[in-house]
Amino acid sequence: MASYSDILDRLRRSFSEGKTRPAQYRVAQLEALGRFLDENKTELVQCLKKDLNKSPFEGEITELSMVKSEINLAINSLSSWMKDEPVSTNMAMYLDTAFIRKEPFGVVLIISPWNYPVQLTLIPLVGAIAAGNCVIMKPSEISQNTEKVLSEGLARYLDQDCFAVVCGGVEESTRLLAEKFDYILFTGNPTVGKIVMTAAAKHLTPLTLELGGKNPCYVYDDSDIKNAARRIAWSRFLNAGQTCLAPDYVLCSDKIKEKLVAALRTTIQDFYGEDPKQSPDLGRIVSDRHFQRVASLLKGGKIVVGGQTDESERYIAPTILIDVAESDPVMQEEIFGPILPIVTVSGLDEAIQFINKREKPLAAYAFSTNSQIINQFLDRTSSGSFCANDGIMQTTIMSLPFGGVGE
């Protein structure tokens, strides 16, 4: 069985020759990546439609435009990012100069997922190029149409001596991880993250894992219920719920539960019409296996909105569940589908206890008109990111760091 040594040797040779280090080279490759997006926009949008039934609008705002913004940021900031950073000295070194120099790692491996197959492949690539690295990309084989256009298209725009795309599934990923890289960037679930981290440990390779989790969303009694419902529904059902940062469950009191359910029902109809299956704006589950997994989660709790499925189209309607038990499967794993369970709590203290006895989430959300409630929630919970009175919008602020803790 062939290994990937030849590709790695080619990239490592280019890196050792210093090809990727000059600022003008990095800018040229970033500009080439921008041309790839511009000149293949139609094909990329069509591939996202085939893989996930993403509408052109959704494909543009959640995939292509995010990468373009990242490219522009990198090009505009590159000179300042590359500068040595002076640091102060002590009395013994008073006449000397000390500084921090930022160096590229070398050959970087990017393993990306299927749910946002363009941006979660290319945004890490932008950072790796800007930092002066060579890169091997491994897009997800599940979003196969997008994988094909990335593999064939990027080779026409980027320097093949420094950048490569490898296609395939678990077998190919396993063989890649057996090789020694200088840095690994992985986006996916905690189970595979542990496999990647184990493989990296064998070579003492540093890595970044962007995983998932059950993101809580607390709605306080004083919230603007209509506004909260619209923002929760948008962020939950975007990409058919297949978003790592989406609210995964709602916590609220019995006092407002019925109002919230009614507002969510109205919102879903406003967004997707009387029959969401016919809506051009609602995505589909990416594969038969994932459809079966998400559909099985409908068995817990009581369906009060949606619940319809069509296996032939991998369609699951935007669904609201109530009377959900903590032991139900829908509360045991990240849903990654268009299902939103609502769990009742007595108030803020119980909501915080409910959240803190679980793994730390990638994101947390709270809705309230009272800043003291928001600040208490923020101070007493821990998550990779936090957003008050909105959903997912924290990711649009590029000056904020992105990440989490543990799983």
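Start by selecting strand β4, residues 134–138: 3 bridges join β4 to β5, and the two run parallel. Strands here are DSSP runs of E, at least two residues long, and helices are runs of H or I, at least four residues long, numbered from the N terminus. Two strands pair if DSSP finds at least two bridges between them. Now pick Met137; Val165 in β5 stands opposite.

This is a predicted model: local features need pLDDT of at least 70, side-chain atom pairs count only at pLDDT 80 or more, and totals for chains, interfaces and linings use all residues. Residues are numbered from 1 along each chain as its sequence is written, and side-chain values use heavy atoms, leaving out hydrogens and water.

Widen the view to the open sheet. Its 5 strands follow the order β5-β4-β3-β6-β7, with parallel pairing.

Next, select helix α12 (residues 348–356) and helix α13 (residues 371–380). They pack at about 25 degrees, with axes 10 Å apart. Axes are lines fitted to C-alpha atoms, for helices over the stretch in contact, and angles run from 0 to 180 degrees between N-to-C directions. α12 and α13 are therefore roughly parallel (angles under 35 degrees).

Show side chains. Leu348, Asp349, Ile352, Ile355 and Asn356 in α12 meet Ile373, Gln376, Phe377 and Arg380 in α13; contact means heavy atoms within 4.5 Å.

Finally, select residues 12–406. UniProt lists them as "domain: Aldehyde dehydrogenase" in an unreviewed entry; such annotations may be inferred rather than shown by experiment. The span is 43% helix and 16% strand, and its end C-alpha atoms lie 31 Å apart.

Conventions:
Angles under 35 degrees count as roughly parallel, over 145 as roughly antiparallel, 65 to 115 as roughly perpendicular and the rest as oblique.
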